[in-house]
Structures are given as C-alpha cells and as structure tokens.
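Good morning, and thank you for coming.

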Amino acid sequence: MMQASRNVARTLLSTWQSVSATPAAGLKVFRSPVKFGEIEFPERARLRVVEKVPQYPAGMRPPKMQKRLRYMRGPEEVHNSLMYRQFGIVALKGGRLRYGHFEMIRMTIGRKLDQQRMFAIWRVDPPWQPVTKKGQGMRMGGGKGAIDHYVTPIKAGRVIVEIGGHCEYFEVKRVLTQVANQLPFEAKAVNQEILDRHAAKEKRLEENNQHLWTWKYMVQNNMLGCNRWISPVDKLWFNKHR
C-alpha cells in the first residue's frame, strides 16, 4: 500500500514538473492598421517662422493702441473648428501670445514632426497688437509710452495650431500636451472626436436641463436685481466666459 502511494506521488510530481516546464506562447491579436484615405497636404509641412514686428509701409510710424481687452474676452465664433478634422491645440481661456510663444510652438513641434507623413499649420495670426510700456523708474504721465512688443490676442475656443497627415492621435498627443502646458493661458490638445463629444455633451445638457433658474433666465429677467451688481460680460455670455 505504501509503495503504491509513493508511485502515485512520484507520477504526479513528474507530471507537474513536465507541465510547468513546458513553455506556452500566448495568442496575440493586433488591430488592423488605420486607413487614412485621401488627405490633402499643404504646400509647407513645417510651421513657418512668424514676424516679430509687423511690417508697415515706408515712412509710416507704427501706430499705438489701447489695451482693448475685448479682443481676448468671450468665445471664439469663427476659428473654433479643425480644418483638417484631425488634431490640434484649442485655447480654453482668453490670453495673449507673444513672439516667444510662437517660437516655442514652432521648435517643439518641429523636432517631433515627421515631414514624410505629417504636417502642421498655424491657425492664428502673427503678433500684430502693439503693447506699450514706460521705462524703468519713469514718472507717471507724459503721454503714452513707447511700443515694447507685439502680441496676438486669443479668445476661448480658438484653434492655435493644427497637426495632420498619416498619423494617429497617440503619436502627437504627447507633444501637443507639452506645448499646451507651456502657453500663458489654459489650453488643451484635442482631436476631432473630442470636439464632437464635447459639442454633443453641451447640447445634451442644454436640452435635458430641468432647472428653470438658469443663468440666462435670471439675467434676462433681472432676478433679485442681479443686473445692478453682475459684470457687464455676464449679460452677454451668462457666466460662461470672463
């Protein structure tokens, strides 16, 4: 009886060792490559160098300008969609872009861009709005200061730069996020799917909202006399933009 038990144990042990020592390869299933179809490429694949100072006709003095904060307040109503319906950077809040920001975007994207199958284009104008500044230690008064630099005002929802071509979102998401985090205002790397999903969510929330006292309703009906103390921009965009 003891001998039979030992034989059974020896047999089970040898079987377990043979099974555990046998290598087994797992079955890997890869998804099929993405078919990009016909994509129209621009003439220039890389971002072009923008001018630091706008060019004026000979003999014309560069004009000065007031702050005009309205240029970067409120939502962008024109350049708020992707032309090539692929990838880009969208501003979440208003702000200003200086020449150094343009160079940062151009050099960062240029290092990671594969010109054989990718391209990048600007969606904003070069710096054009003059910003004046008085010298260090000068007294107040004495007229407007000299022009210090030029900026490009940006509104919320404005597409700053686009990337497209024969590539997928995961290939460009990292560099776009890196650029967006270095901008002087809040921005986000997006693709067309993200923009469509956000638009659908906004529409669904607006249609299914069961609360009667929305910001728009309260402002338009002057609830609790709110028109006396709310900001003038709240009467235009109802607490969505500043």
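The lining of the largest pocket draws at least two residues from each of strand E1 (87–91), strand E7 (187–191), helix H4 (192–207) and helix H5 (215–220). Please keep in mind that this is a predicted model. Which element gives the most to this lining? That is H4, with nine residues.

The volume of the largest pocket is about 1200 Å³. There are 29 residues along its lining, and those closest to the centre are His-198, Ala-199, Glu-202, Lys-240 and His-241. Sorted by class, the lining of the largest pocket comprises 14 nonpolar, seven polar and eight charged residues.

Let us turn to the second largest pocket. Its volume is about 160 Å³. The residues that line the second largest pocket are Tyr-71, Glu-76, His-79, Val-124, Asp-125, Trp-128, Thr-152, Pro-153, Ile-154, Lys-155 and Arg-158. By class, five residues of this lining are nonpolar, two are polar and four are charged.

I now come to the pair of helices. In general, two packed helices are described by the angle between their axes and the distance between the axes. For helix H2 (residues 99–112) and helix H3 (residues 169–181), the axes come within 10 Å and cross at roughly 165 degrees. Why are these helices called roughly antiparallel? An angle over 145 degrees counts as roughly antiparallel, and H2 and H3 are therefore roughly antiparallel to each other. Their crossing is right-handed.

Which residues meet between these two helices? From H2 come Met-104, Ile-105, Thr-108, Ile-109 and Lys-112, and they meet Val-175, Leu-176, Gln-178 and Val-179 of H3. The contact of H2 with H3 has six nonpolar residues, two polar residues and one charged residue.

Finally, I ask you to find Phe-238. This residue lies in the segment after helix H6 (234–237). Between Phe-238 and Tyr-217 there are 21 residues of separation in sequence, and their C-alpha atoms are 9.2 Å apart in space. If we leave aside neighbours within four places in sequence, Phe-238 is in contact with Trp-215, Lys-216, Val-219, Gln-220 and Val-233.

Definitions and conventions: Residues are numbered from 1 along each chain as its sequence is written. This is a predicted model: local features need pLDDT of at least 70, side-chain atom pairs count only at pLDDT 80 or more; totals for chains, interfaces and linings use all residues. Side-chain values use heavy atoms; hydrogens and water are left out. Axes are lines fitted to C-alpha atoms, for helices over the stretch in contact, and angles run from 0 to 180 degrees between N-to-C directions. Helices (H or I, at least four residues) and strands (E, at least two) are DSSP runs, numbered from the N terminus. Angles under 35 degrees count as roughly parallel, over 145 as roughly antiparallel, 65 to 115 as roughly perpendicular and the rest as oblique. A crossing is left-handed if the near helix is turned anticlockwise from the far one by less than a right angle, and right-handed if clockwise. Contact means heavy atoms within 4.5 Å. Ala, Val, Leu, Ile, Met, Phe, Trp, Tyr, Cys and Pro count as nonpolar, Asp, Glu, Lys and Arg as charged, and the others, Gly among them, as polar. On a 1 Å grid over the protein atoms alone, a cavity is a set of points where a 1.4 Å probe fits but cannot get out, and a pocket is an open set with protein on both sides within 12 Å along at least five of seven lines; lining residues have an atom within 4 Å of a point. Grid points are joined across faces, edges and corners, and a volume is the space filled by probe spheres set on the points.
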